[in-house]
Amino acid sequence: MENNKKLHVGLIFGGNSSEHDVSKRSAHNIYDAMDKDKYDVSLFLMTKNGYFLGTKASTRVFNGEPEDDVARQEIAKLDKSNPLAPILNLSEDSNIDVFFPIIHGNLGEDGTIQGLLRLLNKPYVGSGVLGSAMSFDKDITKKILKLAGVATTRYELLTPLTVEKYSYDSLSAELGKILFVKPANQGSSVGIHKVETSGDYDEAIRDAFRYDNKVLVEEAIEGPEELEISVLGNHHPIASKVGSIKVPADDAFYTYDNKFVDASQVKFDVPVDIPEALSKELTKMALDSYRALGLKGMARIDFLVSQDSEPYVSEVNTLPGFTNISLYPQLFAASGISYRELIDRLIQLANEEYERQSKILYDFKPLPPRDQDVK
């Protein structure tokens with residue numbers, strides 16, 4: 001590719017998840033940070049019901065037109081009997097060099113859109129199908145990290161077939177009086193509950209199963225410090241400095257509302273002043289987790305640190321937020337990598353991973369004609 005030729009980036013945002021509006025905010029920040037001397041950008045919105053809009057319609061929504069009205073008009077134009085109708089509008093711009101998906105949660109972080117972009121044979125920012133899927137599923141994440149020797153909190157996994165075997169009393173006897181109930185496949189604290197009584201537990205279980213068929217009941221770390229590290233890279237990832245989140249005292253944990261609706265009472269400490277030994281331990285845990293899960297491009301690793309300074313990996317986010325208050329870009333800015341440079345590196349990493357994948361050989365051994373099959 002000629003050095004003076006702009007890269008054509010397809011920025012995919014929105015999505016069929018509870019984090020739809022968060023994705024729209026992230027997309028605006030990424031778009032604003034991109035160097036328009038280097039990139040031409042086409043926008044693709046995935047609607048709340050999972051249809052892609054073309055670039056013209058997506059730009060209308062991006063610029064402030066009511067999404068539901070635009071989506072209704074555009075989806076009405078599609079032949080819904082065509083099984084490819086939900087993705088047809090991705091062909092509106094056929095010369096995309098690299099895709100930048102910033103769909104948080106369902107369909108965006110679970111390996112689904114990564115599989116689609118692989119079928120399209122295009123480079124894309126972020127982790128592949130397997131790394132995304134494993135990291136999005138909190139149960140699988142914990143199992144992989146345990147195998148890698150990375151500490152996570154203890155838990156029990158509940159499904160519709162096993163939920164009747166468990167009660168608050170039996171779980172609290174095993175894991176402690178205070179428990180967290182979490183859907184296995186959700187992001188941004190959706191469906192998460194802190195429970196301390198049997199009544200709280202029953203209500204939390206009912207709500208969590210609204211969001212997934214796998215639910216984790218997890219031990220609580222008393223008075224934890226919530227710390228985060230951003231990671232960037234493919235086979236040689238680098239870690240940012242450590243950041244801290246302090247939520248209001250009357251909040252049980254870092255909720256969806258104080259992440260995105262009203263963060264005025266949340267205190268961010270970037271970078272946080274912690275002992276060097278703890279910082280090194282967290283950095284090693286973050287990079288070990290990243291490699292164990294086979295991640296590419298980027299991730300944010302969240303930690304809980306107990307009052308006696310024991311760290312546990314809490315969550316792994318493969319498409320972290322890029323909103324105004326999101327810690328992923330903030331942590332790298334504090335580590336000397338600007339927002340604009342971060343976008344450049346992520347796009348470069350996407351192309352490098354695509355080139356690596358393209359060199360993998362697939363041998364096809366032809367079979368004889370059917371009439372020569374051995375009986």
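The questions and answers below cover helix contacts, a sheet and some aromatic rings.

Q: What should I know about the model and the numbering first?
A: This is a predicted model, where local features need pLDDT of at least 70 and side-chain atom pairs count only at pLDDT 80 or more, while totals for chains, interfaces and linings use all residues. Residues are numbered from 1 along each chain as its sequence is written, and side-chain values use heavy atoms, with hydrogens and water left out.

Q: Why are H5 and H6 called roughly perpendicular to each other?
A: The axes of helix H5 (residues 129-136) and helix H6 (residues 138-147) cross at roughly 100 degrees and come within 5 Å. Axes are lines fitted to C-alpha atoms, for helices over the stretch in contact, and angles run from 0 to 180 degrees between N-to-C directions. Angles of 65 to 115 degrees count as roughly perpendicular, under 35 as roughly parallel, over 145 as roughly antiparallel and the rest as oblique. H5 and H6 are therefore roughly perpendicular.

Q: Which residues make the contact of H5 with H6?
A: Met134, Ser135 and Phe136 come from H5, and Lys138, Ile140, Thr141 and Ile144 from H6; contact means heavy atoms within 4.5 Å.

Q: Which residues of H5 are buried, and what covers them?
A: Gly131, Ser132, Met134, Ser135 and Phe136 are the buried residues of H5, where buried means under 20% relative accessible area, exposed over 50% and partly exposed in between (1.4 Å probe, protein chains only). Their cover includes helix H4 (112-119), H6 and E12.

Q: What makes E10 and E12 the edge strands?
A: The open sheet of 5 strands has the order E10-E9-E8-E11-E12, with antiparallel pairing. Strand E10 (267-269) and strand E12 (311-317) each pair on one side only.

Q: How do you know that E9 and E10 pair?
A: Two strands pair if DSSP finds at least two bridges between them, and 3 bridges join strand E9 (residues 238-246) to E10. Lys246, for example, has Lys267 in E10 as its bridge partner.

Q: Why is the pair of Tyr168 and Tyr201 called tilted?
A: Rings of Phe, Tyr and Trp (its six-membered ring) pair if their centres lie within 6.5 Å; planes under 30 degrees apart count as stacked, over 60 as edge-to-face and the rest as tilted. The centres of Tyr168 and Tyr201 are 6.4 Å apart and their planes are at 50 degrees, so this pair is tilted.

Q: What makes the pair of Tyr328 and Phe332 edge-to-face?
A: With 70 degrees between the planes and 5.4 Å centre to centre, Tyr328 and Phe332 form an edge-to-face pair. These two residues are 4 residues apart in helix H11 (residues 327-334), about one helical turn. Ring pairs also link them with Phe322 and Tyr339 into a cluster.

Q: How do you know that H11 is roughly perpendicular to H12?
A: Their axes cross at roughly 105 degrees and come within 9 Å, which makes H11 roughly perpendicular to H12. Tyr328, Pro329 and Phe332 of H11 meet Tyr339, Leu342 and Leu346 of H12.
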